[in-house]
Amino acid sequence: MYLQGIDSIVVENRSRQYSEQRVRAGVLEQGTVDLLTEMGVGERMKTEGLVHHGIELRFGGRGHRIDFQDLTGGKGITIYAQHEVLKDLNNARVATGGQVFFEVRSVSVHDFDGSSPKIRYQKDGSAYELTCDFIAGCDGFHGICRPSIPAGVLTEYEREYPFGWLGILADAPPSSEELIYTHHDRGFALLSMRTPHISRLYLQCKPDENIDLWSDEKIWQELQIRLASDGWKLTEGQVLQKGITGMRSFVVEPMQYGRLLLAGDSAHIVPPTGAKGLNLAVADVQILARALKHFYDSGSRDLLDSYSEVCLRRVWKVQRFSWWMTSMLHRFPDQNPFDHRRQLAELDYVTSSRAAAKTLAENYVGLPME
Ligand code: DHB
């Protein structure tokens, strides 16, 4: 917004420190990288990010590479943690005199069905009210924006998965240069990384798994079993952090009401397989920024009116991809031997047919923006 000459204020209930330290996603699509670079916040990402040109799918104890470079005409992904992106965005905003109000309380949104929406909040014990032209509801799945839209306006589409992910950050050099998505009879496992010295690993677990029952030793043991492959070794290290991630597909339609426009997790959630959550949020705000610029340049509401429609076309395709990756790679508690064989056939197909591999690759690196 700043680059377009449009004023904005960020109202955030977490602290700056929290947003810059919370370990979350780590895979950036080419389009996300390009946008951050264009905005002038890509310097550190360029030097510290790890560019990957493929991933490995491992099943039946054997690895199969999906070569993005070859299949997408040179595209790739960049491994750079979400909280590092947050640091870069916070720094750029502060450096340009932009306002971010951290650690606010009791935020509420009002009058967005008229021409002068308001945001009320409390900070350091005092109450404030902001009047603005538009409210971007970027406050996540549990935020207050979506529930503030009157009953009957929104339709929700949802699917829960009967499993979660147990994730660790480990002081260990990644055992592979590229990510490894593993199908195993005992459940899914994923090897990822943050830096050349820090690994990020995930194990499929029960949706209500109690993290206290997973000692570091037990986590490594299970990772060793699921990721095992002839002639390959998983390097262990100190567990720096561990947590459980839920798995859900969720979409709300439409993504707007009056002058309140939802973006990111407030409007949709994808299961993490495929690494799309952050990238989808970035695509939303890119579409929103374009619509706002058009409005202030021309006075026309056309692009704002079609915001939800344009976003949702991408959202549903990304939902489909994330659901497909999840279904192909996880063990479902109610699956029978037929389902198991079908999963293996799907993996065999994706790693042996160029057409199928290309489908995975073009979705993984990110579909083109409309
Ligand atoms: C990571 C997370 C994902 O959901 C994924 O699909 C790949 C990598 C990660 O945190 O590195």
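**Figure 1. Ala 357 in helix H12.** In this predicted model, Ala 357 sits in helix H12. Is Ala 357 buried or exposed? Its relative accessibility is 9%, so Ala 357 counts as buried, the cut-off being under 20%. Setting aside neighbours within four places in sequence, Ala 357 makes contact with Ile 66, Leu 71 and Val 350. For a sense of scale, look across to Ser 108: its C-alpha is 46 Å from that of Ala 357, and 249 residues separate the two in sequence.

**Figure 2. The largest nonpolar core and a second one.** Here you can look into a core of 52 residues, the largest nonpolar one. Which residues have the most contacts inside it? They are Ile 66, Tyr 181, Leu 360 and Tyr 364. Helix H12, residues 354–365, gives this core its largest share, 6 residues. As a general background, nonpolar side chains tend to be buried together in soluble globular proteins.

**Figure 3. The surroundings of Tyr 364.** Not counting residues up to four places away in sequence, Tyr 364 touches a set of residues including Val 27, Ile 55, Phe 68 and Ile 77. Leu 179, Tyr 181, Phe 321 and Met 325 are also among the residues that Tyr 364 touches.

**Figure 4. A cis peptide bond at Pro 254.** Most peptide bonds are trans. The bond that joins Glu 253 and Pro 254 is cis, with omega at about -10°. Where is Pro 254 placed? You will find Pro 254 in the loop between strand E18 (248–253) and strand E19 (256–257).

Figure 5. Most residues other than glycine have a negative phi. Ser 106 is not a glycine, yet its phi is positive, about 50°. Ser 106 belongs to strand E8, residues 105–110, and counts as exposed because its relative accessibility is 52%. Asp 111 also has a positive phi, near 60°. Look for Asp 111 in the loop between E8 and strand E9 (118–123); with a relative accessible area of 39%, Asp 111 is partly exposed.

**Figure 6. The whole protein, for orientation.** Stepping back, the protein has 12 helices and 21 strands. Its radius of gyration is 21 Å, which agrees with the value near 21 Å for a compact globule of 370 residues. Of these residues, 49% count as buried.

Methods: Residues numbered from 1 in each chain as written. Predicted model: local features only at pLDDT ≥ 70, side-chain atom pairs only at ≥ 80, totals over all residues. Heavy atoms only, no water. Helix = DSSP H or I, 4+ residues; strand = E, 2+ residues; numbered from the N terminus. Rg over C-alpha atoms; globule rule 2.2 N^0.38 Å. Buried < 20%, exposed > 50% of the residue type's maximum accessible area, 1.4 Å probe, protein only. Core = buried A, V, L, I, M, F, W, Y, C linked by side-chain atoms within 4.5 Å. Contact = heavy atoms within 4.5 Å.
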